[in-house]
Amino acid sequence: MKSTTCFILTVFYLFFSSLLSAQNVKLNQIQVIGSHNSYKSQMAPELLEYLSKVNPAAAQSLEYAHIPLESQLDLGLRNLELDVFHDPEGGRYSNPKGLDIIKSSGGTTPNYDPSNALSKPGLKLFHVQDLDFQSHYLLFADALKALKKWSESHPEHSPIFILINAKDGNIPSTRATLPFTSAALDSIDLEIRTHLGLDHLITPDRVRGKYADLETAVLAGNWPSLDDVRGKFLFVLDESEEKIDRYLTAKPNLKNAVLFVNKKEGNPSAGFRIINDPIENEGYIKDLVKKGYMIRTRADSDTKEARNEDYSKFEKAKSSGAQVISTDYYNPSTFFKSDYKVNFGESVYERVNPVLINN
C-alpha cells in the first residue's frame, strides 16, 4: 500500500510540475499548505494534565503534534515553522523542569534527548522552555542538516517556505531565556548558511536584483520563476517590529541577509508579510498579493477549528490568495475526535494561485 501511495504522489508531482512549468509560473504565483510549529512532537500526557489544572485553555491549545519534518515534506507540505532559542554555550535548557512533573505524576520519563543535544552550543528547537520541550530535532543545526539531506534526495522539489520565530519570552516558573540581540539574530543566518548552504537558499538579494531595495523589486514583480528556484528554501523572520529592526542593524536593507522579514508595506525591506487572520483580513491580503507581496496566513489555530470542524478560516485563506497557508491538521487529530483535515484536495498541498492565475 505504501509503495502505491508513493507512486501516486510521484505521478501527481510530476504532473503538477509540468503544469506550472508550462505556465511559466513565478514564485509568488503559487499557493501552498504547510505546518505550524512543525518540529513539535507529542507532549507527555502528565504534562498536559498538569497544565489543564493550571491553565485549561493553554493545555487545550497544545493538544497537537506533528510527524517528522521529512515525512511532512514527503506528504507534499511546502511550508514549515521553526522556533529557535539562543543558547551559545549549551546546556541552558537541559533537564527541563517538566520532567519532575511527569515523575511526580507517576509517568515514564520520555527519551526526549537521546544524543544529549541540549548540552551542545547553538540554537535550540522546541516550543516552550521546561514545558513543551519535546521536538523531532532539538538542535536547529540538526534540523537544517536533515532538510538539506531531504532536499538533495529530491532536487526538483518546489520551494519550501520556512518561518523562524526567535523565542525569548519568559514564562512564570520556567527558566529565563536569553534575549535575541542583533548578534544573536545574525547567528540564525550563520547556522542556516553553515548547515544548509547558500546554494539551497532564495535570499532577499536574489529577489532584489538590480532594484534599489526589496520592496521596489517585489512591486515590480521581480520574484524568480518557479523553475529557477526548485530545490531551494526561503526563510522568513516572523517577529515583532522591534526584533526585526535589531536584525536589520546587522543586515541593513537586507543585503547579504538569509532571512526575509515581516515588515509592513511601505518599508524598503518589505516583501513577505505574516497576516494570521484571513477572515478579518481577506481583502487586505488579496490587495497585497495583487501588488506583488507574498503573504503567510493560517487555516486554524489553538486547535479551535479542528475541534469544531470549522473550515471557514481555511476557505478565506484560500480565497485571499495568501501564498502560504499553515495548519496543524494536514492529518486529522489524534488527541480528540475530529475529521478536520486541510488540503486542496486529497493529497494536494500546492497549486497555482487562484487570485493571480486563472485556471
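Helix α10 (residues 241-250) lies across β4, β5 (233-237) and β6, and runs at about 135 degrees to β6. The model is predicted. The strands β4, β5 and β6 belong to an open sheet of five strands.

- At the edges are β3 (124-125) and β6 (259-261), each of which pairs on one side only.
- Strand β2 (residues 79-85) is joined to strand β4 (residues 160-166) by six bridges, in the parallel sense.
- Val84 has Ala166 in β4 as its bridge partner.

**Ser94**
- Ser94 sits in the loop between β2 and α5 (98-104).
- The relative accessible area of Ser94 is 18%, and buried means under 20%, so Ser94 counts as buried.
- Leaving out residues up to four places away in sequence, Ser94 touches Leu118, Ser119 and Arg175.

**Helices α11 and α13**
- Two packed helices are described by the angle between their axes and the distance between the axes.
- For helix α11 (residues 278-291) and helix α13 (residues 312-320), the angle is about 10 degrees and the axes are 8 Å apart.
- Angles under 35 degrees count as roughly parallel, and therefore α11 and α13 are roughly parallel to each other.
- On the α11 side, the contact is made by Pro278, Ile279, Glu282, Ile285, Lys286 and Val289. They meet Ser312, Lys313, Lys316, Ala317, Ser319 and Ser320 in α13.
- The residues of this contact of α11 with α13 comprise five nonpolar, three polar and four charged.

Note on methods:
Residues are numbered from 1 along each chain as its sequence is written. This is a predicted model: local features need pLDDT of at least 70, side-chain atom pairs count only at pLDDT 80 or more; totals for chains, interfaces and linings use all residues. Side-chain values use heavy atoms; hydrogens and water are left out. Two strands pair if DSSP finds at least two bridges between them. Helices (H or I, at least four residues) and strands (E, at least two) are DSSP runs, numbered from the N terminus. Contact means heavy atoms within 4.5 Å. Axes are lines fitted to C-alpha atoms, for helices over the stretch in contact, and angles run from 0 to 180 degrees between N-to-C directions. Buried means under 20% relative accessible area, exposed over 50%, partly exposed in between (1.4 Å probe, protein chains only). Angles under 35 degrees count as roughly parallel, over 145 as roughly antiparallel, 65 to 115 as roughly perpendicular and the rest as oblique. Ala, Val, Leu, Ile, Met, Phe, Trp, Tyr, Cys and Pro count as nonpolar, Asp, Glu, Lys and Arg as charged, and the others, Gly among them, as polar.
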